[in-house]
Amino acid sequence: MKSGKISRREFLGVARNVAIAGVVAAGAVGALAGYLGGSSAAPPRTVTTTRTVAGAAQTITATKTVTQTVAGAAELLKVGYVYVGPVGDYGWSYGHDRGRRWADEHFGLPVKSFYRESVPEAEVGSAIETLMDEGAKLIFTTSFGYMDATAEYAEKYPDHYFVHISGYRSGAAGNAPENMSAAFAEFYQLYYLNGLAAGAMTETGVVGYVGAYPIPEVVRHINAFVLGANYAYKERTGKNIKAHVNWIFKWVGPDDARKAAIALIEEKNCDVLAFTEDTPAVLQVAEEYQKKGRKVWSFSHYSDMRDYGPNAHLTGQIANWGPIYLDFYRMVATNSWIPVDIWARIGDYMPYRWRKPVEQSTAGQPEGVVYLAPLNPAIPSKWQLLIKQRYEEMKELLFEPFSVEGNLGEPIRDQNGEVRIKAGERADHDMLWSMDWFVEYIEEPLPKV
Amino acid sequence: MIEWIESVLALTLQVGTVYLLASLGEIYAERSGILNLGLEGIMIMGAASSFIFTLAYGHLAAITVSIIVGVLMSLILALMAVYMRLNQTVAGLALTMLGLGLSGFLASPEVRKVILLALNPSLPEKFLAIQEAPKLPEIPVPTLSEIPVIGCFFRQNALVYFSYAAAPLMWFILFKTRPGLSLRSVGENPAAADAMGVSVFKVRCVATMVSGGFAGLAGAYLFLGFQPFWQEGLTAGKGFIALSLVILSTWNPLRALLGAYLFGGVEVIQYRLQLFGLGALSPYLLAMLPYLVAIAALVAVSIGSVRKRIGAPASLGIPYSREE
């Protein structure tokens, strides 16, 4: 699990390559954008596309030159989406539908997209069939449970393109056909920044987390949040943060999230609550306490939720899936498909990925695929500056939450006191993707399921 | 310790009120011989209409509309089960599916926007997209709300207070008045009641409408009084828990009061136990608790002798026809 570690020096080398590749890619994207924005009677020309897929430990840069002849008007691209929930859920499926509309809007060529919502995982096959009947050439399946069926259909229909969200099977990983890619918008860096805000604001020194399921994705988000909270709180007071986790065993369950949040506040005196649940219920609870005169804070999740807690909202993590989708639209439209396994973090899908000075930081503004929700002015300016600095540094992967730098120079220990990440180490993709331990500051054991 | 009890009890009352309101009406329907399995669908329609109408016209209008919508929905069941003498289980489940689908459609972003603009063209832009509505305010009763422990009974919203009053009132009407006697006799032996001059059709229709009205109100309470965020399918099986509560309460409104708070308490405690480290042992077992209680109640009632002693309505679910 800990294999594939690299030293900081090597990492910087990788980061430099990424930056260079980024510049090349930006140029190529610019050229492509200019090309796409041109008149429909464009003369035949050669397009070079460069794609960069960066992880902490692995960097794959694939360059492919495609010569194509475009004569007359571009062909209409038809894209199909399969959603696991209703588009009105305000969380996951709503986010994907917003991404779909964003990609359609920014594509610049004729495109028609359509979707099937609330598709049970067992019925994804027939949903894909009906989308193909309508002419969809590119199909996005947006739930982990759709993964195997998507791979099956990719095998069956090699002339169609498939992108699966939140899974690990793709042509790039070698465990699916070449016409299948994988993509995910990763939040753990943003959860760490939320944690910094939490540690800066907490008066009780106790923070809470309403979790959906004890799976690696949620566990690494909880750990990142708690590490951030401990960083800021310990720097402020010299004491370690205390963190509590309450599980609801649902992705969508506003009334359960409410009960869990109230238990954290009233039972354990938590005054900052983060959550993984697809509605603003926890933020609404925090807002109710604020109105009663008790300072309780919470965050946005997936969408900007400030309207649901104008006083209680500190910041949060927001995803715009649009740029990922747009990338695939372009690949299919220009016949330049390469199977990829995209893990989009801060800095990815931005026009350029080098950091800005803190004063000009874009933290809190929409950019790229994952970005920070606007910062509440109630956060002391010292901590706002640190949040912005870390946000900018993470664009270049110069800072990693799961490293001793993220924990005030201390090694990161689990609840048994075992050192999981020591000086000079960073968590890599594999470690993050299989995280099954809690950091030492969390009081409850991790449920085994 | 006192603070802890108050904290748990206050939330228990809020959770239990959903079940209480829904089961009070259902008791009347079942006492008259009509099994209203459409509870879940009516509740969610009540929640959806309370959401839309609160944004357009405010709380009072929203609650009124939710009750009306509930009554209208139950009229469909009355038509099918009382007049057409269809299978009540099938008719009720059809109503549940209708409610779940229709509420999802009516409250979906685009359709909701059209409805809201039709209801109130001067509505601010912000209200057209938002998925929450202002919550019902808590109205603390002076002095009573300051008593330790039981003070939390008097720091609730208007619908919770209404449920405190409704349970004894509905018990009184059912067991101590002549209309209540007619209602119970229709559920026990409709032929005899008919011979005595009681209109079986009329009584059953009214009882079904009462259950619909209360279910609509329960949905409105769930949304406005407990968790004000609209979500497709937000009742999440609460209607069916209320149905089992009716049996647990042996068709008695006062026992329903206790049962509702028992169910509410189990749900609240499960999130407290987790923080004592108990959740990690078997989280799914804790999540199962409310359903275990419901199953135990159903099993107890299915035993013949128990059934006779607790007085299940003898004609529950059996359509009545005069010609037979």
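This is a predicted model: local features need pLDDT of at least 70, side-chain atom pairs count only at pLDDT 80 or more; totals for chains, interfaces and linings use all residues.

Colleague: Are α7(A) and α8(A) parallel or oblique to each other?

Modeller: Their angle is about 45°. Roughly parallel would need an angle under 35 degrees, and roughly perpendicular starts at 65. The pair α7(A) and α8(A) is therefore oblique.

Colleague: Is the crossing of α7(A) and α8(A) left-handed or right-handed, and which residues of α8(A) make the contact?

Modeller: The two helices cross in a right-handed sense. From α7(A), the contact uses Pro254(A), Ala257(A), Arg258(A), Ala261(A), Ile262(A), Ile265(A) and Glu266(A). On the side of α8(A), the residues are Ala281(A), Val282(A), Gln284(A), Val285(A), Glu288(A) and Tyr289(A).

Colleague: Staying in chain A, is Gln384(A) buried or exposed?

Modeller: Gln384(A) sits in helix α10, which spans residues 381-395. Its relative accessible area is 14%. The cut-off for buried is under 20%, so Gln384(A) counts as buried.

Colleague: Is Tyr352(A) buried or partly exposed?

Modeller: Tyr352(A) is in the loop between β13 (341-344) and β14 (370-372) of chain A. Its relative accessibility is 35%. Buried requires under 20% and exposed over 50%, so Tyr352(A) is partly exposed.

Colleague: How far apart in space are Tyr352(A) and Gly368(A), C-alpha to C-alpha?

Modeller: The side chain of Tyr352(A) makes a polar contact with the side chain of Lys356(A), at 3.4 Å. Gly368(A) is 16 residues from Tyr352(A) in sequence. From C-alpha to C-alpha, the two are separated by 9.8 Å.

Colleague: Turning to chain B, what share of its residues is buried?

Modeller: Chain B has 14 helices and two strands. Its accessible surface comes to about 13,500 Å², with 73% of that belonging to carbon and sulfur atoms. Of the 324 residues in the chain, the buried share is 55%.

Colleague: Is α2(B) roughly parallel or roughly antiparallel to α3(B)?

Modeller: Helix α2 (residues 39-57) and helix α3 (residues 59-83) of chain B have axes 8 Å apart and pack at about 150°. Angles over 145 degrees count as roughly antiparallel, so α2(B) and α3(B) are roughly antiparallel. Residues in the contact include Gly41(B) and Phe53(B) of α2(B), with Val65(B) and Met73(B) of α3(B). The crossing of α2(B) and α3(B) is right-handed, and their orientation is roughly antiparallel.

Colleague: Is α2(B) roughly parallel or roughly antiparallel to α4(B)?

Modeller: Helix α4 (residues 88-106) of chain B packs on α2(B) at about 20°, with the axes 6 Å apart. An angle under 35 degrees falls in the parallel class, so α2(B) is roughly parallel to α4(B). Here α2(B) passes α4(B) in a left-handed crossing. The orientation asked for is roughly parallel.

Colleague: Which residues of α4(B) meet α2(B)?

Modeller: On α2(B), the residues involved include Leu39(B), Ile44(B), Ala48(B) and Ile52(B). Their partners in α4(B) are Leu95(B), Thr96(B), Gly99(B), Leu100(B), Leu102(B), Ser103(B) and Leu106(B).

Technical notes. Residues are numbered from 1 along each chain as its sequence is written. Chains are lettered from A and ligands numbered from 1 in the order in which they are written. Side-chain values use heavy atoms; hydrogens and water are left out. Helices (H or I, at least four residues) and strands (E, at least two) are DSSP runs, numbered from the N terminus. Buried means under 20% relative accessible area, exposed over 50%, partly exposed in between (1.4 Å probe, protein chains only). Accessible areas come from the Shrake-Rupley method with a 1.4 Å probe; for residues, only the protein chains shown count as cover. Axes are lines fitted to C-alpha atoms, for helices over the stretch in contact, and angles run from 0 to 180 degrees between N-to-C directions. Angles under 35 degrees count as roughly parallel, over 145 as roughly antiparallel, 65 to 115 as roughly perpendicular and the rest as oblique. A crossing is left-handed if the near helix is turned anticlockwise from the far one by less than a right angle, and right-handed if clockwise. Contact means heavy atoms within 4.5 Å. A polar contact is a pair of N or O atoms within 3.5 Å; within protein, one must be able to donate a hydrogen and the other to accept it, and residues adjacent in sequence count only if both atoms are side-chain atoms.
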